[in-house]
Every structure is written in structure tokens, then in C-alpha cells.
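Here are some comments for a colleague who is about to look through this structure. Please read them with the coordinates open.

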Amino acid sequence: MALEKITMPQLGESVTEGTISQWLVAPGDHVNKYDALAEVLTDKVTAEIPSSFTGTIKELIAQEDETLDVGAVICILETEAGAGDAEPQEATATVETTKSEPTLNAPKKVTTKQSPATGRFSPAVLTLAAEHSIDLSNVSGTGRDGRITRKDVLAYVENGAPIEPKSLPTEPKVAPKQQSITPMPTSRNGDREIPVDGIRKAIAKHMVSSKHEIPHAWMMVEADATGLVRHRDALKNKFKAEEGYSLTYFAFFVKAVAQALKEYPILNSTWAGDTIIERADINISIAVATDNHLFVPVIKNADEKSIKGIAREITELAAKARTGKLTQDDMSGGTFTVNSTGSFGSVQSMGIINHPQAAILQVESIVKRPVVIDDMIAIRNMVNLCLSIDHRILDGLVAGRFLSKVKENIETITKANTPIY
């Protein structure tokens with residue numbers, strides 16, 4: 001017999017940690033190689049961790065709702081001698097969150113075996129403590145070996161005092177007088193409480209991170225989309241009959257943005273502390289909303305695809321998001337986000353940048369408006385393009401030039417010069 005360790009796998013590009021959302025096995029259970037052991041939540045996906053061995057669960061090291069670094073041991077398996085070497089763990093992910101690439105300047109990876117005395121804490125704990133200005137020496141840990149978990153920090157924020165672990169009783173501690181903690185709201189009679197699931201928590205965490213870490217700036221231009229509307233409307237019925245999916249306006253906008261990014265690649269970049277990483281591939285993240293959640297799958301190498309190809313990917317990714325079938329690969333690698341806020345009637349909005357990208361473009365509703373052309377009033381199909389930028393990377397000059405190029409690409413769409421295939 002031999003004891004084998006199962007560790008937290010890397011569930012996406014640059015992912016540094018994961019949270020055990022649910023164990024699917026218990027000590028004493030027999031599992032086969034590739035059987036699912038646990039569901040793990042990251043800021044990108046929810047994934048099942050497969051077993052690398054055939055054997056019996058000896059011990060579950062990690063607790064449910066505990067966050068661990070990539071490579072940390074989560075459980076121990078007892079295997080028969082000669083069972084063979086394990087293949088690298090590779091989780092088959094079913095995406096349940098938004099998101100985007102994790103930050104490149106995240107806190108350094110630290111061991112999850114810690115205690116308040118050592119002063120070593122997981123990135124999730126450090127992030128929460130920084131957000132709420134908490135001195136972790138005032139927080140008691142209920143995790144393994146007295147480790148401070150996210151639950152302990154969140155409880156401290158909510159209650160103004162630490163949770164004392166049952167197995168490690170300590171003297172009550174009082175929060176410093178200078179620390180002001182805002183109490184959590186409570187419901188009143190008639191209110192409805194909606195539980196916050198793991199997906200919504202991940203979205204909330206990512207949005208807070210984006211707003212806190214990225215200095216946002218915003219600008220808008222309006223574009224005349226009359227040629228685009230005429231070209232698309234002339235083709236849409238035939239296209240749907242032949243291809244089996246819709247030719248949407250959004251496919252044209254994604255193509256126009258991808259072409260503009262080739263001319264202004266600095267918008268296709270990432271802030272990395274002492275460097276700016278200008279991405280070679282143009283991978284467009286698109287926002288797809290379901291009834292309760294928002295997903296951001298990615299169209300890879302959008303600049304190399306035809307409008308037909310982009311339309312097909314938009315349809316496929318949206319369908320996968322709404323049926324819970326998005327994969328880890330569908331969600332990873334985005335370099336710039338385009339959001340079709342106009343699909344629900346918006347005419348002006350300011351998007352939160354999809355961290356760690358440099359910008360997000362909101363495409364608003366196409367509406368008929370009177371405009372002046374050659375000193376005459378005409379009715380045209382106009383659309384507002386709203387750009388949010390990371391002001392560490394981009395200034396108004398280059399952002400304005402990029403928006404002008406997108407505007408030009410849209411306004412020059414015609415049947416004669418814009419092939420679909």
C-alpha cells in the first residue's frame with residue numbers, strides 16, 4: 001500500500017488559488033482514476049478535480065469553503081502498490097463564473113499551512129484584510145492548525161469580533177477602538193433574502209478587484225451605423241436560412257474592434273507592475289448574460305476571423321453559457337472586452353474593465369436620430385460607443401484615436417467593401 005497526495009491543480013492561466021466548494025467523496029470511499037473528487041471554485045471557473053490514482057480516500061485535508069494555493073495538498077489517497085504513476089491532474093471545467101484573467105501583480109504565492117503566529121496568510125485572506133483594513137493579529141483562525149480562513153475574516157467584518165475556534169478556545173478579543181466596522185444590513189418584515197451563490201460571489205470579488213486596482217477613465221463617440229444596418233438587413237434572412245444561425249449587428253462591431261486593435265495594439269495589453277504586456281493575439285471577450293449571472297467567454301484570434309465566423313462563435317458561446325456548458329478554454333485568454341449593452345436598450349453606459357485587460361467597449365443601441373449632413377437634416381441609424389480605459393496604460397490621446405478608428409470602421413461598412421465570408 002502507498003499514500004499519494006492530491007494537490008490543488010491550476011485551473012486556468014495565471015490562476016493561483018482555488019476554493020473547495022464541495023467534496024464529492026468522503027474518507028473510506030473507493031475511487032477510480034479520473035473519478036471526480038471535489039468541486040473547486042476560482043475567479044474563472046467551477047471545476048471538478050479528478051483523481052490521479054485508483055484507491056481509497058484516506059484523509060480530506062482541505063475543508064469545504066477553504067481557499068488553497070495551487071499545489072497545496074487537498075486530500076490523501078491510499079493506493080495499492082504498483083498502481084502506476086499518476087498523470088498530471090487536468091480538471092474538466094464547467095464554467096460558472098465570469099471573469100477574466102486574474103491579476104498579474106497578485107500577492108506572492110504563500111503556503112496555506114499557517115497560523116497567526118507565523119504571519120503567513122493565503123492571498124484570499126490578505127486581499128480581504130486589505131479591503132477592510134483589518135489587522136489579522138486580531139482575528140482568530142478556525143481552520144486547520146489555527147489557520148485564518150476567508151470565513152474568519154468575513155465573520156470579523158460582519159460581527160466586529162473574531163470567531164473563536166471550538167477546539168482552540170482563547171480569551172475574547174476586542175477590535176481596536178480606532179477601527180470602524182460598518183454593520184451588515186439586516187432584512188425587515190416583508191423583505192426577501194436571496195442567498196449569494198458561489199458564482200455571484202466570484203463576480204462580486206472580480207468587480208471589486210477591478211474597480212479598486214484599475215484607475216478608470218471614460219470617453220464616448222457616436223457613429224453612423226446606417227450602412228451597417230442596410231448591409232446586415234439585406235443579408236439576415238438568407239444568411240439565417242443558409243447557415244442556421246443569426247447574423248447579428250454585434251458580429252460587425254466585434255470585427256470593427258478587432259481591426260482597430262491591430263492598428264492600436266496598446267489597447268490590447270495588460271498592466272504588470274513595472275512593465276506593460278502588449279498581447280500578440282487579439283482575443284475578444286464578450287459579455288453574455290443569463291437570468292442571474294454574467295459570463296465573459298472569448299472569441300480567439302478575432303482579427304483573423306470573418307464576420308460569419310465571429311457570428312457563429314457568438315451564437316455558440318452564448319448557447320453554452322445559457323446551458324452551463326462553457327469550458328475553461330472558452331473563458332480564458334481574453335485581451336479586450338466588447339459588451340453589447342445596446343441589446344437591452346441602453347444608449348450610454350460606463351463599463352467596468354475586465355481585469356487585467358486595459359479597456360472595455362460598450363456598444364449601445366442603434367437608434368434613428370436626425371443628423372446634419374451637408375447642411376441638411378437626415379434620419380440616420382446612430383450608435384454610441386463607450387470606452388472605459390486603464391489610465392495607468394492609456395491616455396486620452398491614444399484612446400481617442402482608437403475610438404475614432406472603430407467609428408471609421410463602422411461608418412465605412414457597405415455591401416461593396418464588407419464581405420461576410
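This is a predicted model: local features need pLDDT of at least 70, side-chain atom pairs count only at pLDDT 80 or more; totals for chains, interfaces and linings use all residues.

1. Helix 5 covers residues 249–263, and its 15 residues extend 22 Å from the first C-alpha to the last, which is close to the 21 Å expected at 1.5 Å a residue.

2. Because 11 of the 15 residues of helix 5 are buried, this helix is largely enclosed by the rest of the structure. The buried positions include Phe-250, Phe-252 and Phe-253, together with Lys-255, and among the others are Val-254, Val-257 and Leu-261.

3. Helix 5 also contributes at least two residues to the lining of the second largest pocket, as do strand 14 (288–289), helix 6 (307–322) and strand 18 (359–373). The space in this pocket comes to about 610 Å³, and of the 25 residues that line it, Phe-250, Ala-287, Ser-340, Thr-341 and Ser-343 lie nearest its centre.

4. What is the make-up of the lining of the second largest pocket, in nonpolar, polar and charged residues? The lining has 14 nonpolar residues, nine polar and two charged.

5. Asn-384 belongs to strand 19, residues 376–390, and is buried, its relative accessible area being 10%. Its side chain reaches the backbone oxygen of Val-347 at 2.8 Å, and, leaving aside residues up to four places away in sequence, Asn-384 touches Val-347 along with Met-220, Val-221, Glu-222, Gln-362, Val-363, Glu-364 and Arg-369.

Methods:
Residues are numbered from 1 along each chain as its sequence is written. Side-chain values use heavy atoms; hydrogens and water are left out. Helices (H or I, at least four residues) and strands (E, at least two) are DSSP runs, numbered from the N terminus. Buried means under 20% relative accessible area, exposed over 50%, partly exposed in between (1.4 Å probe, protein chains only). A polar contact is a pair of N or O atoms within 3.5 Å; within protein, one must be able to donate a hydrogen and the other to accept it, and residues adjacent in sequence count only if both atoms are side-chain atoms. Contact means heavy atoms within 4.5 Å. The expected span of a helix is 1.5 Å times one less than its number of residues. On a 1 Å grid over the protein atoms alone, a cavity is a set of points where a 1.4 Å probe fits but cannot get out, and a pocket is an open set with protein on both sides within 12 Å along at least five of seven lines; lining residues have an atom within 4 Å of a point. Grid points are joined across faces, edges and corners, and a volume is the space filled by probe spheres set on the points. Ala, Val, Leu, Ile, Met, Phe, Trp, Tyr, Cys and Pro count as nonpolar, Asp, Glu, Lys and Arg as charged, and the others, Gly among them, as polar.
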